[in-house]
Amino acid sequence: AGGVGAGASALSHVGRSVGRKYEQDLRTLEEVGKIDVKPRSRRLSYYRNDPERALRKLQQAGPEVDWFDFLVHTELCTMNYSPFNTPDATLFDDVVRMMDNLRVPKTLKKSSKELVAFVYDVYSLMQNKAPYHNFSHVADITQYLYTLLLATHLAKRLKPIELAAAIFAAVCHDLDHPGLSNVYQTSEHTELWQRHAESPLESHHFACFEALIAKHGMLEHLDDESRARFVHVVRAMILATDMAKHQTLMSTIRTRLEDDAFNPIASEDGIDLTLMIALKCADISNQARPWRVANRWNEAVYQEFYHEGDLNRKAGRTVAPLQDRETNVIPKSTCGFIGFIVAPLFEAFVAIMTRVHAKNVDVDSSVVEECLVFLHKNKDRYELQASGHHVDVDEIEDELVIFSEDLRHGLRAQGRHSDNAADLPGVNAGYDGMARQRRLSWLRRHYKPIDRETLFPVDIVKSATPDDPQPRRPDGPPLGEVDDNTVDG
């Protein structure tokens with residue numbers, strides 16, 4: 001099974017075709033975690049065979065520990081996440097694990113394996129080999145939003161259907177992205193632009209989301225009200241990522257916050273606005289990562305910018321300053337982007353969290369404040385580069401932890417600390433190796449490829465892939481790792 005296009009019919013048969021044995025082997029992350037792996041971050045990560053059992057053991061010893069609070073202290077809730085030099089299969093697992101952690105299958109009344117099939121279609125639609133808008137970007141933005149929702153405690157304040165919609169919006173926010181901007185689509189009068197005159201890319205991403213939701217029957221077990229709320233939230237969040245609407249959205253936030261009575265999470269429109277800002281923060285969060293990660297993302301995004309600039313120059317059009325490889329100074333332009341776009345957006349999100357907290361709701365803005373620390377430190381480095389000073393692009397710095405106290409310290413304060421790591425929950429352990437192989441083998445045998453002409457009757461732009469070597473190229477669908485003879489699915 002090579003690259004996957006996209007498929008036309010729903011996989012409603014998924015659960016029936018695989019049977020109980022697979023269902024038992026592919027349990028959710030909350031139920032199984034039997035493999036010891038080294039975390040890629042510096043978060044507390046003691047891995048246990050049964051995270052839920054470890055959590056129950058903690059609860060028996062004292063006050064109940066909330067599942068979402070528990071997740072804050074685990075591997076995937078971190079600012080140090082980096083998809084670079086990470087196999088696509090691992091990124092694929094990370095996305096599925098995050099959705100499992102937020103109990104998406106339970107909320108949608110679907111099995112975990114159906115969620116896996118959906119994520120695989122997302123993966124297949126991001127195989128455009130663009131330097132930036134690829135599956136690494138999907139995993140990165142999904143992880144950032146996941147961290148924001150957990151560390152701010154918003155995850156506990158949302159309805160389950162809103163939480164599921166939020167993480168779906170992150171996973172699907174750039175579906176089938178061609179690596180070329182809305183401005184390019186408009187200038188070329190592409191079929192995509194003809195189909196979606198306003199926000200062509202974002203409208204296409206949402207249309208792809210709707211097609212995949214229909215294909216997999218993801219909402220078939222929900223009542224009409226829940227289904228409508230889910231789709232509404234996803235649509236609002238994805239369309240908000242259009243940077244052409246950035247200033248309008250920022251103005252809306254300022255206006256709403258001028259009203260002292262406004263509680264951002266007390267109404268559906270307030271929740272919509274909060275989640276729109278959260279996804280926007282995640283979508284441009286690269287420079288709010290530690291320096292060595294932020295710098296690599298910057299290289300990738302400018303490769304994509306310059307490729308579009310080259311196409312515009314070849315077509316005789318004016319080349320935008322940020323897309324002109326002959327005149328743009330990356331450190332200087334990055335300072336401007338951080339100062340005028342990214343930092344004000346994160347400050348707006350801090351203001352939203354501060355307002356929610358003022359309404360006596362238990363939320364925490366510290367994680368967003370941590371992002372601002374990274375932003376300003378990185379801006380200082382780019383300013384040094386712009387002035388001709390050397391800055392080590394591989395400089396490593398420890399993650400700030402102001403947004404969550406180390407769980408071990410919390411346990412010690414409650415008199416429940418043990419020096420035995422086995423007594424501490426750890427958690428985000430991955431699926432065990434055999435379950436992972438079964439999952440991939442099942443996908444190879446039962447997955448229905450997409451008929452792109454039926455599902456996505458839009459020819460975006462065939463020349464979207466740069467000729468230059470890319471820093472991160474897709475290494476093939478994760479199915480390629482599995483030998484059909486290895487596992488008896």
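**Pocket lining and local features of a predicted helical model**

Helix α17 provides the largest share of the lining of the largest pocket, contributing eight residues. The model is predicted, and the volume of this pocket is about 1,200 Å³. In total, 38 residues line the largest pocket; Ser181, Met243, Val301, Phe305 and Phe337 are those that lie nearest its centre. Two or more lining residues are given by each of the elements α11 (182-188), α13 (200-216), α17 (291-314) and α18 (330-358). When the lining is divided by class, 16 residues are polar, 15 are nonpolar and seven are charged.

The protein chain as a whole contains 22 helices and zero strands. Of its 489 residues, 59% count as buried. Among contacts in the chain with a separation of 6 or more, 82% are accounted for by residues 24 or more positions apart. The mean pLDDT of the protein chain is 76, and a value of 70 or more is reached by 67% of its residues.

Most residues other than glycine have a negative phi. Asparagine 85, which is not a glycine, has a positive phi of about 60°. This residue is placed in the loop between α4 (67-72) and α5 (88-101). Asparagine 85 is classed as exposed because its relative accessible area, 68%, is over the 50% cut-off. Aspartate 176 likewise has a positive phi of about 60° although it is not a glycine, and its place is in the loop between α10 (160-172) and α11. With a relative accessible area of 9%, under the 20% limit, aspartate 176 is therefore classed as buried.

Glutamate 114 lies in helix α7 and, at 9% relative accessibility, counts as buried. A polar atom of the glutamate 114 side chain lies 3.0 Å from the backbone nitrogen of serine 111. Glutamate 114 and methionine 218 are 104 residues apart along the chain, yet their C-alpha atoms are separated by 8.1 Å. Glutamine 127 is located in the loop between α7 (112-125) and α8 (135-151). Its side chain reaches the backbone oxygen of tyrosine 123 at 3.1 Å. The C-alpha atoms of glutamine 127 and proline 178 are 9.6 Å apart in space, against a sequence separation of 51 residues.

Threonine 152 lies in the loop between α8 and α9 (154-157). It counts as buried because its relative accessibility, 0%, is under 20%. The side chain of threonine 152 reaches the backbone nitrogen of leucine 154 at 3.3 Å. Leaving aside neighbours within four places in sequence, threonine 152 is in contact with Thr147, Phe349, Met353, Val363, Asp364, Val367 and Val368. Serine 365 is found in the loop between α18 and α19 (366-386), and at 12% relative accessibility this residue also counts as buried. A polar contact of 2.9 Å joins its side chain to that of glutamate 369. Beyond four places in sequence, serine 365 is in contact with Val350, Met353 and Thr354.

Conventions: Residues are numbered from 1 along each chain as its sequence is written. This is a predicted model: local features need pLDDT of at least 70, side-chain atom pairs count only at pLDDT 80 or more; totals for chains, interfaces and linings use all residues. Side-chain values use heavy atoms; hydrogens and water are left out. On a 1 Å grid over the protein atoms alone, a cavity is a set of points where a 1.4 Å probe fits but cannot get out, and a pocket is an open set with protein on both sides within 12 Å along at least five of seven lines; lining residues have an atom within 4 Å of a point. Grid points are joined across faces, edges and corners, and a volume is the space filled by probe spheres set on the points. Helices (H or I, at least four residues) and strands (E, at least two) are DSSP runs, numbered from the N terminus. Ala, Val, Leu, Ile, Met, Phe, Trp, Tyr, Cys and Pro count as nonpolar, Asp, Glu, Lys and Arg as charged, and the others, Gly among them, as polar. pLDDT is the predictor's confidence in each residue, from 0 to 100. A polar contact is a pair of N or O atoms within 3.5 Å; within protein, one must be able to donate a hydrogen and the other to accept it, and residues adjacent in sequence count only if both atoms are side-chain atoms. Buried means under 20% relative accessible area, exposed over 50%, partly exposed in between (1.4 Å probe, protein chains only). Contact means heavy atoms within 4.5 Å.
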